Amino acid sequence: LDNTLDISPVNSLEFGFQWTKNDITYGYDQETDEEESDDDNDENTRNLFNILNQDQSGSYSSGYIQDRWTLFNKLTLTPGLRYTHFDVTGENFLEPRLSARLNLSERFSIKGAWGHYHQFVNRVTREDLMQGNREFWSLANGEEVPIGQAVHYIGGVSYETPTWLVDVEAYHKDLEGLTEFALRNTPFQPPQEGNFNNFFEQGTGIAEGVEFLLQKKAGNPYGWICYTLSRVEYDFPELSDEPYPALHDQTHEFKFVGILELGKWSVSSTWIYATGKPYTEPGGTESIELFNGRSISRVTYGEKNAARLPDYHRMDVAVNRRFKLGTADCLLGASIFNLYARKNVWYKEYDVIEGEIIDTNVLFMGWTANLSFSIKF
């Protein structure tokens, strides 16, 4: 529910209410052999993975108010406050916000924003050295999965004409309440001695960068070019002595979009380039003696997220034609994803064969053609 009350031509009060309910189900199925041994260690491993099978439900309600105030026809200030109640933990949160924009001329402006945010549905990394990390969503419970928090600082400048927009924006975010499920700490003792929830590690982080945008808004052809220089760094003391790059850290990211209108036809192209994402390489193998006297070999972890996948890039192209079918507007389109069939690496898998670690690249989708048809009444 959103409302706006115009107090004066230069002052508007915005206020409202929001209620959100989340139901989250996550199932982790570990394939087992019918003849698998039933010893204590196998049971221990099964119990460890069973804690990932979650069926969660929770809701949060929020009320907000903000005042959009324009001074001297140049400066716009927007202070605000959000109040949120989260029923899973019973906690209440106050989240102040402030944004400002100063028009130095008809075309040139500077802007800034600050805010405190909370996230109740968090993305948790399930660390898997042998088959690549996975991520799943989990409702925060204030214990194994804490409520995510972030403080945002944003500043930028923009220059805009009827045809062109040039925008530069810098940001910094302080992150708390990050969670990772780390299998590197799997216990080798009977199940009753292991507290499996301890494998939900908690940490902090930062995200910062600069984004550049050049956009041609009118004319033919039109489109935009974006470049981002960024850094996302996590600090989990139980996983690494030093902060390390997050899984989605990409130092450089470049995007180009071009669109050409030819009557009822349109032709578009997109090219994307990004620095390879981090991953953890195996450090080698070691022999572990179990509580029952048996010994097994397992792969050891190298430095956390110290290696990088190859750089990612691809080009997509599309052709669309608009036409009428009676009174309905129709669009017939054809597109090719990854035009030049770039073999982009999604993640790496590892196998141990006769004591040697063998790696395999798992790839993203290659060259793919698509046809589409839409009708709008």
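Pro 221 sits in the loop that connects strands β11 and β12, where strands are DSSP runs of E of at least two residues, numbered from the N terminus. The peptide bond between Asn 220 and Pro 221 is cis, with omega about 5°. The model is predicted: local features need pLDDT of at least 70, side-chain atom pairs count only at pLDDT 80 or more, and totals for chains, interfaces and linings use all residues. Residues are numbered from 1 along each chain as its sequence is written, and side-chain values use heavy atoms, with hydrogens and water left out.

**Loop residues with positive phi**

- Asn 73, in the loop between β3 and β4 (75-86), is not a glycine but has a positive phi of about 65°.
- Asn 73 counts as exposed because its relative accessibility is 69% (exposed is over 50% relative accessible area, buried under 20%, partly exposed in between, with a 1.4 Å probe and protein chains only).
- Ala 341, in the loop between β21 (328-337) and β22 (345-353), also is a residue other than glycine with a positive phi, near 55°.
- Ala 341 has 41% relative accessibility and so counts as partly exposed.

**Strand β3**

- Ser 57 belongs to strand β3 (residues 54-71) and is partly exposed, at a relative accessible area of 44%.
- The C-alpha atoms of Ser 57 and Leu 139 are 7.6 Å apart, although 82 residues separate the two along the chain.

**Second largest pocket**

- The volume of the second largest pocket is about 900 Å³ (the space filled by probe spheres set on grid points, which are joined across faces, edges and corners).
- A pocket is an open set of points on a 1 Å grid over the protein atoms alone, where a 1.4 Å probe fits, with protein on both sides within 12 Å along at least five of seven lines; lining residues have an atom within 4 Å of a point.
- Its lining holds 37 residues, and Arg 123, Leu 175, Leu 178, Tyr 234 and His 248 lie nearest the centre.
- Strand β10 gives the largest share of this lining, eight residues; among the other elements that supply at least two are β7 (121-127), β8 (134-139) and β14 (252-262).
- The lining comprises 13 nonpolar, 14 polar and ten charged residues (nonpolar: Ala, Val, Leu, Ile, Met, Phe, Trp, Tyr, Cys and Pro; charged: Asp, Glu, Lys and Arg; polar: the others, Gly among them).

- Val 166 lies in strand β10 and is partly exposed, with 36% relative accessibility.

Technical notes
Helix = DSSP H or I, 4+ residues; strand = E, 2+ residues; numbered from the N terminus.
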